[in-house]
Amino acid sequence: MAMRSPMPAVSRRSRRLLITVVTVLLLVILLSSAVNLYADWLWFQEVSFTQVMSTTLRTRVLLFVLFGGVSAAVIAANLVIAFALRPSYRPMSLEQQNLERYRLAITPRFRLLTIVVSGFVGLITGLAAQGQWRTWLLFMNSTPFGKVDPQFGRDISFYIFEYPFWRYLISVAFTIIVLSVLAATFVHYLYGGVRMQGSGGRLGTAVIGHLSVLLGLFVALKALAYYFDRFGLLLGSSDVSKVNGASAVDVEWLLPAKNILLWIAALCALVFFVNVGLKRVLLPGMALVLLLVSAVVVGGAVPAFAEQFTIKPNADVKEAKYIDRNIKATRAAYGLTDIQRVPYEATQSATRQEIEQENETVPNIRLLDPSVLSETYTQLQQVRNFYAFNQQLDVDRYTVDGKMQDYVVGVRELNIDELQGNQTNWLNRHTVYTHGNGFVAAPANQVDAAGNPIFVSGFLGDQTNGSTSSEVRAMIAKFGSAVPVKQPRIYYGELIGDYSIVGKNGGNDREFDRPANGGNDQDQQVSTTYTGKGGVSVGSLSRQLLYSIYFKEKNFLLSNALNKNSKILYVRDPRQRVERVAPFLTADGDPYPAVVNGRVVWIIDGFTTSTYYPYAQRQTLGDVAADSLTGRGTVAQPKDDINYIRNSVKATVDAYDGTVKLYAFDEADPVLKTWNKAFGGHLILPKKDIPEELAAHFRYPEDLFKVQRTVLTKYHVSNPLEFFRNNDFWRVPDDPTKPNSGRPQPPYFVLSKFPQESSQRFQLITAVTTNQRDNLTALITASYDESGAPKQLVYELPDSASVLGPNQVQPKMQNDDAVRRDISLFNSSESQVVYGNLLTLPVAHGLLYVEPLYLKSASGTQYPQLEKVLLSFGDKVGYANNLNDALNDLFGSSGSSPPADNPPPADGGTGTPPSTGSSPQLAAAVQAIQSALQDLKTAQQQGDFAAIGKAQQDLDTAVKQFESAR
């Protein structure tokens, strides 16, 4: 009686239905993939970076075919070999009788099953391998560093570019061999080559020969793995010294063990290959036992014993050499080898005259906090509900009237989430409301009488912003002359998250451009049509069909808004555009706008990183680059481990047409050279092509600075013994203005000239404290010098100094009697105190703390306005309505010029009200100015535009009276 096949029967109808369903699913997947691929190609074609997509795609396909094909071939070969080696006679047993029914079912279909199994393994392996395209490109385009590791003398490029690929290759080979052993063993067992029951041996001679080859290859791979393990020690970590890199036990014990195990594995592999002819079980079994015992004893027990009884008892001495290697490698990997350390005494007192001598720092003290004033900019410069400013504004500097000045800047962007009512339908959302308008700037060191920024650009109507003050009008005119914005429209920005369709074929302009009359006329608007070179054409039916599928939107096919000149703008975030055209870069989390040659461009700092710099300490990028402001208008970095970073690229994105340019900034970086080579050698523009006007707006990257300051908290220590004992470590203080955040204080941009600096610089500064206390121990600054090269300074306070740190100064200032009284009044149901950035400035041989205090009303003006200025120097606190009065409160009045010579700007400013003097006319004029200022502040708080206009007129008249009386 014939045995029944265990394979279930499937009806013809069910088979056809299954084939139809699978075919339809495959077609849907293929169509979706093809649409996505073609849409991506069109986007890369638009930005002129098709070589990035083609290189990436070509590499992925190559790796998929190469690794998938080889793995499938190896699996298939071993299945076929095992089938071919099946015994012609199998001793009868119950086991063989049970297997016979499966042989009957499988044998006729063995070729098909072989193709399916090997194809599945190849598919999975290929899919995994294509994700390693970055590793492959680095391996194939390796560029020497010109530096060698201190243990093996290998160039650093071996570790960063080559070592990762070799490790991946070995891991794939291990996987394929193991799967081959399992597959071959299964076939041998199925056909009786491996038997659990019956007479005779359990393994046939053919099976022994086959498995000996596979196991020999496995052990040979293990020998190769031991070889590369030696280099991997330089990328490991030590439980004793807590630093990365090969430690004392690694070099003195584990490295010799790896060498021994390498030769033992090679010998065992040779035994397996010899056994192909001998076909014995005992000999390879002994080789396996030898390999396992050696791995446990030589590679595990001996080094562990040595670490416990010889290394740890003398760890400070034993590990000193390797800690020194770690210190040097870490400084080199994070770009900290040329840092300048400056002793700074930090005296506890200073005179007003000494403060006034700091004329390149103190006058530029920033009172506008870019992290606080987004609401203020939006309230005062929004004009329409769908306009907004990023939650984090930016600080940049411009030279106006021959003087460099820092400004708090932002662009008036389109925020589609704020569209309301009929504005949200598809037609309006995607074809009418397409862009923002305006580059808005205000001097960082001035406010008007109400505590608001004095805007000097970005107005949508009257270019004087309705100001009646001759001084403010002059400021606006000077800024407009020095920084002309010829194209203020913002089609690419941080808030524009959706696509827009632009372009017309005759007829009226469709896109909303700006309100008529500067926003005073709510019913009238100025329309426009996009004429930039950005965007992908969707003028043809085929393109409309393509994007209808891509965006899953039927209106591409149904709407009459699309015409033969239509283009679609998408991927509009400047940071995302840079990361797409340069997928090897990590972009800084805070792109910032600048006016360059009359156009608004976004500037994005691009970093090259690695995790394979030997001996360098690893950091988690997302952790060390985070502070109390991360995620509030800035993008958090990924939680990737790195131990090498360079600001290799300065990228720009044109805010109007989306043009992306990548400029080499650190041309010596081998990682950048390698990537540029991988993408054809012309992806990155040379540094000499950077326009001078663009270079004038480069600033030190915030995320890089935060990484470096974290590294410096430990790696300012040069002595390995001191490093091991952790005696002199620092830490970045928590943000004192946000005491419940538990996150580090952000660094701040300031325009200043600090000690040891030859000229005024736009620089980042941060305070660091001792590891266990809140006392200030150093200030770290970073900037670009006159040649554009990075320059880092550390102002170190003496160990004996007891200078208050930020988290000690903050409560000290708040506990001042006058400050405490006002804060109690301000924090009520009617208003809320908002603390601005606490700046720490090394001036007058001491440390000046500056903190603006804003007031946010619960009704009326529901946005922050500067109310007071807090200062601290030594053990004293200054507190007043403006910076000048706060300095007078802290250091005494200036004797260099009479107060009457410093009238305030008609719209406010940092000046103090003039002294009445002895003239009755002068006194009356001063009284009129003060009365008008109070009326103006009240009107602004109430949002009464008519009253604001009247108060400004009264103020202008009073100033003229003052000037006449003086």
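In this predicted model, helix H13 is followed by Val383, a residue whose phi is positive, near 75 degrees. The helix itself spans residues 374-381, and its buried residues are Ser374, Thr376, Tyr377, Thr378 and Gln381. The cover over these buried residues includes three strands, namely S2 (387-388), S4 (403-411) and S7 (439-443).

Two of these strands, S4 and S7, also belong to an open sheet of 3 strands, which has the order S3-S4-S7 and antiparallel pairing. Strand S3 (394-400) and S7 stand at the edges of this sheet with a single partner strand each, so that one side of each is left without a neighbour in the sheet. Neighbouring strands are turned against each other by 45 degrees on average, when direction is ignored. The antiparallel pairing of S3 with S4 extends over 7 bridges, and Tyr398 is found opposite Gln405 in S4. Helix H15 (residues 470-482) packs on the sheet, where it touches S3, S4 and S7, and the direction of H15 makes about 90 degrees with that of S3.

When neighbours within four places in sequence are left aside, Leu662 is in contact with Phe49, Val578, Val581, Ala582, Val649, Lys650, Ala651, Leu683, Ile684 and Leu685.

Helix H6 also packs with helix H2 (residues 50-84), the axes of the two coming within 9 Å and crossing at roughly 25 degrees. Angles under 35 degrees count as roughly parallel, and H2 and H6 are therefore roughly parallel to each other, with a crossing that is right-handed. On the side of H2, the contact is made by Phe67, Ser71, Val74, Ile75, Asn78, Leu79, Ala82 and Phe83, while the residues contributed by H6 include Phe165, Tyr168, Leu169, Val172 and Ile176. In an α-helix there are 3.6 residues a turn, so residues three or four places apart point the same way.

Another arrangement is seen for helix H5 (residues 133-140) and helix H20 (residues 670-678), whose axes come within 9 Å and cross at roughly 100 degrees.

In strand S10 (residues 511-515), 4 of the 5 residues are buried, so that the strand is largely enclosed by the rest of the structure. S10 pairs in the antiparallel sense with strand S11 (residues 525-528) over 4 bridges, and the bridge partner of Phe512 in S11 is Ser527. Arg575, which has its place in helix H18 (residues 574-581), counts as buried at 9% relative accessibility, the limit for this class being under 20%. Residues up to four places away in sequence not being counted, Arg575 touches Ala587, Asp588, Gly589, Pro591, Val635 and Gln637.

Conventions:
Residues numbered from 1 in each chain as written. Predicted model: local features only at pLDDT ≥ 70, side-chain atom pairs only at ≥ 80, totals over all residues. Heavy atoms only, no water. Buried < 20%, exposed > 50% of the residue type's maximum accessible area, 1.4 Å probe, protein only. Contact = heavy atoms within 4.5 Å. Pairing = 2+ DSSP bridges. Axes fitted to C-alpha atoms, helices over the stretch in contact; angles between N-to-C directions. Parallel < 35°, antiparallel > 145°, perpendicular 65-115°, else oblique. Left-handed = near helix turned anticlockwise from the far one by under 90°.
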